[in-house]
Amino acid sequence: MSSVTRTDLGGSVSNGVGETLLSLVHFTDAHVLDAASPARGEWVELEAHDPVFRPLLHMHRPYDSLTLWALRAHVERIRQNPCAGGSDRPFDLVVSTGDNIDNAQRNELDAYLTVMAGGTTALSAVGSAQDTSTRAFSEAWPFWNPDDTEPNFIARVSAACTSLGLGLAWTSVPGNHDL
């Protein structure tokens, strides 16, 4: 891959090493969600035979119950190494550009804020599309059932999630899923 230096937008080509003035972390579209919420649309899969519902397929995402844990992993990574690659300048700010949560629910917002700031929270996946233990369904289950391959998956993702928080300044703007 080749590099092209552009001078057509003004200025001149630098002949020295620059100074990093600001170091940002950018988060977007975490979509922390309550997988067991009645607001979820996974039920549309059960109507796949009906042409009216076909444009809405597929409404489920197998990773839904992991979004809280994914955000926690990102936060932990930033906390463990709070410096920008290349310059090694400590991060000045974390900016989230929205869609921090998925269903505009207060419990999702509380979980998101707890992970970002630090504390313990939980979003239960019991009763979600991936949890077959709470449903009586005579036909083939149309959703991925993680407990078939990952024992106690639903219980593990429903457990308390503890975060130390970012440990640095952060801010967010709302997205169309946020509360």
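Tyr112 is buried, with a relative accessible area of 2%. The model is a predicted one, and everything below refers to that model. Tyr112 belongs to helix 2. Leaving out residues up to four places away in sequence, Tyr112 touches Val32, Leu71, Ser96, Asn100, Ile101, Trp170 and Ser172.

## Aromatic pairs

The structure has 2 aromatic pairs. In one of them, the ring centres of Trp43 and Phe53 are 5.5 Å apart and the ring planes stand at 80°, so this pair is edge-to-face. Trp43 and Phe53 both lie in the loop between strand 1 and helix 1, so the pair ties together parts that are 10 residues apart in sequence. Trp43 is partly exposed, at a relative accessible area of 47%. Phe53 has a relative accessible area of 19%, and counts as buried because the limit for that class is under 20%.

Tyr112 and Trp170 also form an aromatic pair, again edge-to-face, with 6.1 Å from centre to centre and 80° between the planes. Tyr112 is in helix 2 (residues 106-117) and Trp170 in strand 5 (residues 170-172), so here the parts tied together are 58 residues apart in sequence. Of the two partners, Tyr112 is buried at 2%, whereas Trp170 counts as partly exposed at 27% relative accessibility.

## The nonpolar core

The largest nonpolar core holds 20 residues, and those that touch the most other members are Phe27, Leu71, Met116 and Leu166. Strand 1, helix 1 and helix 2 are the elements that give two or more residues to this core. Helix 2 gives the most, with 5 residues.

Not counting residues up to four places away in sequence, Leu166 touches Phe27, Val75, Ile78, Arg79, Val94 and Met116. Phe27 and Met116, both in this list, are also among the residues of the core that touch the most other members. Leu71, another of those residues, is one of the contacts of Tyr112.

## The cavity

Searching the whole structure gives 1 cavity of 30 Å³ or more. The largest cavity has a volume of about 50 Å³. Its lining is made up of Leu33, Ala35, Asp64, Ser65, Thr67, Leu68, Trp69, Leu123, Ser124, Ala125 and Val157. By class, that lining has 7 nonpolar, 3 polar and 1 charged residues.

Helix 1 supplies the largest share of the lining of the largest cavity, with 3 residues. Thr67, one of the lining residues, is also among the contacts of His31.

## Two residues with positive phi

Most residues other than glycine have a negative phi. His31 has a positive value, with phi near 50°. His31 is placed in the loop between strand 1 (24-27) and helix 1 (67-80), and at 15% relative accessibility it counts as buried. With neighbours within four places in sequence left aside, His31 is in contact with Thr67, Asp99, Asn100, Ile101, Asp102 and His177.

Asn152 is exposed, with a relative accessible area of 53%, whereas His31 is buried.

## The segment before strand 1

Val4 lies in the segment before strand 1. Val4 is exposed, with a relative accessible area of 67%. Between the C-alpha atoms of Val4 and Asp148 the distance in space is 51 Å, and these two residues are 144 residues apart in sequence.

Key
Residues numbered from 1 in each chain as written. Predicted model: local features only at pLDDT ≥ 70, side-chain atom pairs only at ≥ 80, totals over all residues. Heavy atoms only, no water. Helix = DSSP H or I, 4+ residues; strand = E, 2+ residues; numbered from the N terminus. Buried < 20%, exposed > 50% of the residue type's maximum accessible area, 1.4 Å probe, protein only. Contact = heavy atoms within 4.5 Å. Phe/Tyr/Trp six-rings, centres within 6.5 Å; stacked < 30°, edge-to-face > 60°. 1 Å grid on protein atoms, 1.4 Å probe; cavity = no way out; pocket = protein on both sides within 12 Å on 5 of 7 lines; lining within 4 Å. Points joined across faces, edges and corners; volume = space filled by probe spheres on them. Nonpolar A, V, L, I, M, F, W, Y, C, P; charged D, E, K, R; others polar. Core = buried A, V, L, I, M, F, W, Y, C linked by side-chain atoms within 4.5 Å.
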